[in-house]
Amino acid sequence: MIKNWQAYAMVFFKGMAMGAADVVPGVSGGTIAFITGVYTRLINALGSIGPDLLRVWREQGMAGVWRRIDGTFLVTLFAGILTSVVTLAGILKYLLENQPVLIGSFFFGLVAASVVILLREVPRWNIASYILLIIGIIATVLISIAPGLQGSHGLWFMFFAGALAICAMILPGISGAFILLLLGAYHQVLAAVHEFDLAVLAVTGAGAVVGLLTFTHVLKWLFAHYYGAMMALLTGFVAGSLYKIWPWQVNGAHLAPWADASEYVGLGLLLIGAGIALVLVMTWLGRNAKHES
């Protein structure tokens with residue numbers, strides 16, 4: 001019982017890390033899920049939610065359904081994500097607006113280290129793998145430089161935005177928050193969280209649920225049949241996202257750290273190192289969890 005409690009406490013904190021990453025445009029909660037060792041379990045659990053559950057319910061009852069969808073894991077993980085989004089949205093919004101170099105530096109280090117980890121997860125490198133890696137990088141960079149929409153949007157649009165953002169959010173390297181930013185819905189969602197606007201939150205959340213349950217079935221099938229190719233593509237997505245989150249930018253131009261006149265260059269470099277160190281710790285914890293399970 002104590003081991004189970006400790007394991008699910010760790011799942012909750014991993015969910016919080018995913019939620020914090022998802023709030024920042026350019027950073028993917030899927031990346032955090034992967035380096036903490038919960039990504040495959042998450043895809044398999046969500047991918048098991050479908051019409052077949054009706055048969056399981058008839059034969060085994062709700063207990064069987066709960067086991068099939070890995071219910072305790074999902075509830076714990078999403079509780080961590082929700083807790084992080086609700087509690088950290090205001091703080092991260094303030095940091096993004098007032099200290100973009102510092103928060104960008106930390107997440108840049110985190111994502112850069114994640115690329116190295118993901119490269120090692122590709123079982124066999126061949127020409128097709130390298131092509132998919134390059135496609136992933138180019139696609140993410142093109143998304144990151146696309147002009148965003150502006151203005152406030154209606155509820156139907158927010159449903160669509162939630163569905164599309166969650167599909168990106170579950171992919172390592174593709175930021176759901178940045179997709180919301182491109183659609184012009186990011187600040188609307190952040191304001192809804194901060195002001196507790198139930199209408200916007202409910203509709204966006206409903207879109208996210210529909211998108212998540214649909215897309216994870218596709219991902220589950222792709223991983224089952226083309227694992228190596230998917231890992232190469234996802235690694236490209238993560239590597240390409242580094243362009244978007246480079247900390248030292250002025251009007252879209254990327255600068256070397258020493259070319260920035262701000263006083264935060266040294267602290268920014270230190271935070272890059274902190275992000276790298278955190279990835280190493282999370283990767284170690286994720287591997288330990290796999291060995292214990």
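Leu280 is found in helix 13, which spans residues 265-292, and in this predicted model the residue is exposed, its relative accessible area being 51%, a value that falls in the exposed class because that class begins over 50%. The C-alpha atom of Leu280 is separated by 7.8 Å from that of Ala113, although the two residues are 167 residues apart along the chain. A second pairing of this kind involves Ala7, which lies in helix 1 and counts as partly exposed at 41% relative accessibility. Between the C-alpha atoms of Ala7 and Phe73, which are 66 residues apart along the chain, the separation is 9.6 Å.

For the chain taken as a whole, the secondary structure comprises 13 helices and two strands. Of its 293 residues, 45% count as buried, and the chain exposes about 14,800 Å², of which carbon and sulfur atoms supply 71%. Among the contacts with a sequence separation of 6 or more, 79% are accounted for by residues 24 or more positions apart.

Aromatic side chains form 10 pairs under the ring-pairing rule applied here. In one of these, the ring centres of Phe108 and Trp246 lie 5.0 Å apart and the ring planes stand at 80°, so the pair is classed as edge-to-face. Phe108 belongs to helix 6 (residues 100-119), whereas Trp246 is placed in the loop between helix 12 (227-245) and strand 1 (249-250), so the pair ties together parts that are 138 residues apart in sequence. With a relative accessible area of 14%, Phe108 is buried, since the buried class covers values under 20%.

The pair formed by Trp156 and Phe159 is likewise edge-to-face, because the ring centres are 6.3 Å apart and the planes meet at 65°. Here the two partners are three residues apart in helix 8, so that about one helical turn separates them. Trp156 is exposed, with a relative accessible area of 75%, while Phe159 counts as partly exposed at 27% relative accessibility. Elsewhere, ring pairs link Tyr39, Phe223 and Tyr227 into a cluster.

The largest pocket holds about 1,000 Å³ of space. Its lining is made up of 34 residues, of which Ile81, Val85, Ile166, Met169 and Ala208 lie nearest the centre of the pocket. Two or more lining residues are contributed by each of helix 1 (2-23), helix 2 (29-35), helix 3 (39-47), helix 5 (71-98), helix 8 (155-169), helix 9 (176-182), helix 10 (186-195) and helix 11 (198-225). When the lining is divided by class, 28 residues are nonpolar, five are polar and one is charged.

With regard to backbone geometry, Asp70 adopts a positive phi of about 55° although it is not a glycine. Asp70 is situated in the loop between helix 4 (52-68) and helix 5, the latter being one of the elements that give two or more residues to the lining of the largest pocket.

Note on methods:
Residues are numbered from 1 along each chain as its sequence is written. This is a predicted model: local features need pLDDT of at least 70, side-chain atom pairs count only at pLDDT 80 or more; totals for chains, interfaces and linings use all residues. Side-chain values use heavy atoms; hydrogens and water are left out. On a 1 Å grid over the protein atoms alone, a cavity is a set of points where a 1.4 Å probe fits but cannot get out, and a pocket is an open set with protein on both sides within 12 Å along at least five of seven lines; lining residues have an atom within 4 Å of a point. Grid points are joined across faces, edges and corners, and a volume is the space filled by probe spheres set on the points. Helices (H or I, at least four residues) and strands (E, at least two) are DSSP runs, numbered from the N terminus. Ala, Val, Leu, Ile, Met, Phe, Trp, Tyr, Cys and Pro count as nonpolar, Asp, Glu, Lys and Arg as charged, and the others, Gly among them, as polar. Buried means under 20% relative accessible area, exposed over 50%, partly exposed in between (1.4 Å probe, protein chains only). Contact means heavy atoms within 4.5 Å. Accessible areas come from the Shrake-Rupley method with a 1.4 Å probe; for residues, only the protein chains shown count as cover. Rings of Phe, Tyr and Trp (its six-membered ring) pair if their centres lie within 6.5 Å; planes under 30 degrees apart count as stacked, over 60 as edge-to-face and the rest as tilted.
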